[in-house]
Every structure is written in C-alpha cells, then in structure tokens.
Amino acid sequence: MKGAAIKIEHLVKTFPDGTRALRDISFEVAPGEFLVIIGLSGSGKSTLMRCINRMIEPTSGKIYVDGVDITTLSQEEMRRLRRSMGMIFQQFNLVKRSSVLTNVLSGRLGYLRPTWALMNYFPRTEMNRALGNLARVGIPEKARTRADQLSGGQQQRVGIARALMQEPTLILADEPVASLDPATSHSVLRYVEELSKKDGITVLCSLHFLSLARRYGTRIIALKAGEVVFDGLPADIDERRFREIYGEDAVEVEIA
Amino acid sequence: MSQQVATAPPRVPARPRAWFQSGRFLLFLAGLLVIYAYGWQVTKINLPELVKGATFVRPFVRDLVRPDVLARHVEIQEAQVAVSIDPAVQPETLPLPTGPVVEPESRVTPVGSQLTVRGRGFQPNASGRLFWLNPIGNPQQVALIRTDAAGAFTETITVPDAFRGPEAGPRGAQQRILVRVETPVGPLRPSKTARIVFEKIIETVFLALMGTTIAVLAAVPLSFLGARNLMARNPVGTTIYYVTRTFFNIMRSIEPLILAIVFTVWVGLGPFAGVLALGLHSIAALGKLYSEQIESIDPGPIEAITATGASPLQVVRYAVVPQIVPPFIAFTIYRWDTNVRMSTVIGFVGGGGVGFVLQQYINLLQYRQAATAVWAITLVVAAMDYLSAVVREKVV
C-alpha cells in the first residue's frame, strides 16, 4: 500500500460568522510522511484537517490528493474518495451503544452494498477483516463488548481499527491523544506510527504536546491564527521558535 | 459623591442581629401565617372528622383485606307463604310447596303486630334471609335466620307496613313471606367477581397497549419536527418546530381524564374512548421525550461515519438509529406502564377497563367486590412497573 501525496495551495476558510480560521495556507506532504501539526487551540488545526476530507468546505484554494483537485469534486465523487481517508478523533466518536465490532465494521460502509448494510448484514470477509484489525490494535477479545464499556485508550484503538477498515492511503488524526493519559497516549501513537512506517500510510496528526510531536513526527507544521508559522524538522524547533508558536508566556510541558 | 463618602462618620460595626430577629424574617413569618391560615380554611381541614368518621370507613377497610376472589357454588332454597294484613281479605292461595315449608303463626295479621314464623325442610345449620313481599313482589328483608341441625327455624318478626301497590283495594292486603337459604356447595372456584375483574384488567392492559401504539405511530414522525437541532435551520423549519412543540405542550397539559370525557361523548362509552384519550395524551408526552432525545444525540459518530465515505442513509442507520432507538423503546415501555395506571382512572368516566367495574362496585357499596378490583389493579400496576424497569435496564 502506498501513501497519498497531498499538496495544498492558498487554502482559505472563512466561516459564515466571519471567523477566518485559515488564511492562505500552502504546503506539501510526501507519501508515507508522519506530519505533525501543532498550534494553540483555535489556530485552525481541526479546520485544516476537515478541509482535506471536505467535512468542511474550503472558501478558496486548492487541495490536491495524488494530483486530483478535490475541491472541484461532486458530493458523490468526494464520498468515494473519503473511503481512502481514515479519520481519528479526539473524542473517539464511536457509537457508544453499539458493539466494538459494529463500530469497526462501520468503517467499511462506503465499500458495501447499501441494502446489505442497512439490514446490518456484513459478508464474512468483512467480519474477518474487522476481527483482524481489532487484533492488530491489540483488543481482539473486545469485539462483542459495548463501545462505552472500554477505557479511553481502548476506544481510540477501536477508532484506529475503524479507520483501518477503509484501507486508507491517508490518515487524518485530529488530536487523537488529547483525552488520554501520557502512557496511553504513547501506546495509541505507536499504533499510528506503525501504520505510517509499516504500511506507508501518510499521516496528518495534530498534537498539543511538543514532546510527542518531536518523538513521532517526521516533519512538523505549526499553525498560528490560521497561518503556517513553522514548517520543518522536529529538531529545528528551539526555544525561540517555540515562543513564536505558542506566545511569549508559554512554558514547554514535558510528557513522559 | 466622593465628598460625602469622605465626610461620613466612621460606622461603628453593630453586632449583627440574629437571623430570627431581623424584620424581614418576621415579615416572612407573618406572610406564611396568612397563607397557611387561609389554606386551612379553604380546604376545610377538619381533623376531628378523621376520628369521628373512622366508623364509616371500617367496613370498607375490613372488606379490603377479604376481597371476593374465590367462592363456592351457591345452592338456593326458597319457600313462600301467602298472608293478608286485612282481616276482611283472604290470603292468596298458593300451590302446595314441594320442598321446604314456611308457616306463620297466623296467616292474617295486621301491620305492626308480632308474628312468629316457623320453617322446616331447609339445609341444616345454614343461614338465610326472611323477606316480606308486597303485592307487586318487591322484597323487603325483615330478618336474618339460622336453621338448626334438623333444618328448621323459628323467628319472630314485626309485620312491616309494606307498599300496597297501585290498587288500594283488597288485592293490596294480599302479601307474602319469602325465606331464602343460600348454602355454598362444592369446591372453591374463582368467583364471578374475580372472572369479571380478570376480564376487565386484561381489557385495561390492552387499552393501554393500543393507546400507546397509536401514540408511538404519531409521535415518532412528529418528534423529528419537534427537534430543534434538525428544524431550526431556516424560518420555515423554526415555525414548524414551534408549532409542534406548542401542540405537545398543550396536549400534555390536558389530563387524559378530561380527554376521556370528550371521547365518551364522541364515540360512546367503552374502551375505545379510553384508547383515544390515552393515545392523544401520549402522543404529546412521547413526542416531547422523543424530540428531546433527538436533540441530545452526539454529532461525533455522525461526523465519523460520514468521514468513512458512507452514504447519508448509512450514516442514519449506523450513527443516528443506534443513538435514538434504545431510548425510544425505553420511553415507550415506560409510557405503556403509565397508561395502564391511568386507564383505571379513565374507566371511572366510562372509558372502559377495570376502573369502570370498580366504580360500579363502589357505588353499589359492594366493598368486597371493589376490593377484588383494587387488588387486581395494584398487582398489575406493580408487575408492569417491575417489568418495564427490567426491560428499560436491558435496552438502554
């Protein structure tokens, strides 16, 4: 499997209430890169992620995924393209009352015949794929458990398994560990890192902690008020850069 | 302003008065006193009556602990004898009795005289009643009797001044004495009351079921119109939202009892009126609960499943339905349970079900029969309550 290549040109997003979340953003991501996006809350990280799979419609600018300009695709074409873009969320966004297995299988819906899925029928191959992905994230025994019975770290791993069902070439991870404790954060990020290293999936991941960004990112982009203020290697972020991104009063918090 | 502050003498910090000495508290106390004094008056609270009236409620309470549930088949023996209350008039001639016999001391006896009545040939050691029949056959109980080991009895009665019928002539003086002895025979079986109450309690449960079902069918689509997060996106939607919510609020505030009265006038007495009343009220009650559930769904799973490339219909099936169906089921079962309780009251105004017979028993002072109905209602409501709790626990 080969990761997707992304090219963003002059991306702007202005919300109807006048908030300018993204102001002229341009960068490129090479296939298989683990790109970490950092920045304060409200700097536009989530908006940027959601523009790439068009859960939010960009106001202007171009987004190329493997050379295709996705901003001109129709809703139906976009839906098909989304199947190859996995997304992982801060709040996991699982259906709490459904079983873990159903949550994982729902990642495959875009590929299935609509009528089968509406009757809650999944072919055996898909069942096996789901169980395989659960095994991959280390919780095969939780398949029949209700999603809300799991711990935060386990729920996020179900979220990763759901994204894996899509056989993605790109994973958008929107603050995937912001609701987790430090130890669990590492375990979850290691699974994401493995997807990038082993399967060559391109990963865009927003993180709050610079220590995590340095540890996992192959490249870091920093956003501030909707603009890119840093684009480079993790090692290049020194004290001065840090203050530029987070403001003069910021103190770096280490995470084990 | 600033000068005033500057020239004001420094305040001596007074020791704060206790809270119960403050004028505001005393005023508050006086206000409370007025309110409760008036309340005591208008609600006509009369505590001595609780003690004085206790004797009246005693038969009811006593019968409450011995409901009419099981009974034996009752064998009835009757014997009549014709008498006259006017010496100038001969008593009627009745055919000779084949079974038990009643013999008054004298067959011609004036009103108000003492009369000794003997009987024989009845069941031994049985109790019965002695009636005086007027010329048109209306019985008036004048004594309770008890037969001896040989099946005979002797009872002295006072001849009552019975209604002589439309014709005051000689026919009016021809009256009768009737003795009826009832003996229970055979094994205990469910009594007639028990059978009626059972039938009516089933009717009550189904009345509630039908009312709830009608309500669900209407409330599910309406609840989407009454959900702010779906409707309040444009002026038309907002209008529909407010209209729906207003309908829910108005209908919910009309008691099912009042609706039942309206429907008994509309479709006649009986369970159908009760079904309509409970149904209409439940549409509003369920509609409000459903809409609030729709409003509180988590948008996270919707976003997540849309982001996997699922179609809009699949998103509804996998992200919306699992979030609303279990609570909908729980609310519906709870409503059914509530409706069973309500339908007993609806029966009082003619809406069918067990309440209807309960009211009849109370009006006829048949407290043992009423007790049967009361116990049946208690058992069924408690059982429904328990079952609905179990099911709700499982579903949610």
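Tutor: Axes here are lines fitted to C-alpha atoms, for helices over the stretch in contact, and angles run from 0 to 180 degrees between N-to-C directions. The model is a predicted one, and in chain B helix α5 (residues 192-225) packs against helix α13 (residues 367-395) at an angle of about 35°, with the axes 10 Å apart.

Student: Which handedness does the crossing of α5(B) and α13(B) have?

Tutor: The crossing of α5(B) and α13(B) is right-handed.

Student: What makes up the contact between α5(B) and α13(B)?

Tutor: From α5(B) come T193(B), A194(B), V197(B), I201(B) and V205(B), and these meet Q369(B), T372(B), A373(B), A376(B), I377(B) and V380(B) of α13(B). The residues of this contact divide into eight nonpolar, three polar and no charged.

Student: Why is the pair R219(A) and E33(A) called a salt bridge?

Tutor: The side chains of R219(A) and E33(A) meet at 3.2 Å, N to O, and the cut-off is within 4 Å between a side-chain nitrogen of Lys or Arg and a carboxyl oxygen of Asp or Glu, so the pair is called a salt bridge. The two residues lie 186 residues apart in distant parts of the chain, with R219(A) in strand β9 (residues 219-224) and E33(A) in the loop between β2 (20-29) and β3 (34-38) of chain A.

Student: Why are R219(A) and E33(A) called buried?

Tutor: Buried means under 20% relative accessible area; R219(A) has 13% and is therefore buried, and E33(A), with 14%, is therefore buried as well.

Student: How do you know that K45(A) forms a salt bridge with E175(A)?

Tutor: The closest N and O atoms of K45(A) and E175(A) are 3.5 Å apart, which is within 4 Å, so the pair counts as a salt bridge. This pair also links distant parts of the chain, 130 residues apart, from K45(A) in helix α1 (residues 45-52) to E175(A) in the loop between β7 (170-173) and α7 (182-199) of chain A. K45(A), at 3% relative accessibility, counts as buried, and E175(A) is buried at 10%.

Student: In the salt bridge of D63(B) and R66(B), why is D63(B) called buried and R66(B) partly exposed?

Tutor: The side chains of D63(B) and R66(B) meet at 3.2 Å, N to O. D63(B) has a relative accessible area of 10%, under 20%, and is therefore buried, whereas R66(B), at 40%, falls between 20% and 50% and therefore counts as partly exposed.

Technical notes. Residues are numbered from 1 along each chain as its sequence is written. Chains are lettered from A and ligands numbered from 1 in the order in which they are written. This is a predicted model: local features need pLDDT of at least 70, side-chain atom pairs count only at pLDDT 80 or more; totals for chains, interfaces and linings use all residues. Side-chain values use heavy atoms; hydrogens and water are left out. Helices (H or I, at least four residues) and strands (E, at least two) are DSSP runs, numbered from the N terminus. A crossing is left-handed if the near helix is turned anticlockwise from the far one by less than a right angle, and right-handed if clockwise. Contact means heavy atoms within 4.5 Å. Ala, Val, Leu, Ile, Met, Phe, Trp, Tyr, Cys and Pro count as nonpolar, Asp, Glu, Lys and Arg as charged, and the others, Gly among them, as polar. Buried means under 20% relative accessible area, exposed over 50%, partly exposed in between (1.4 Å probe, protein chains only).
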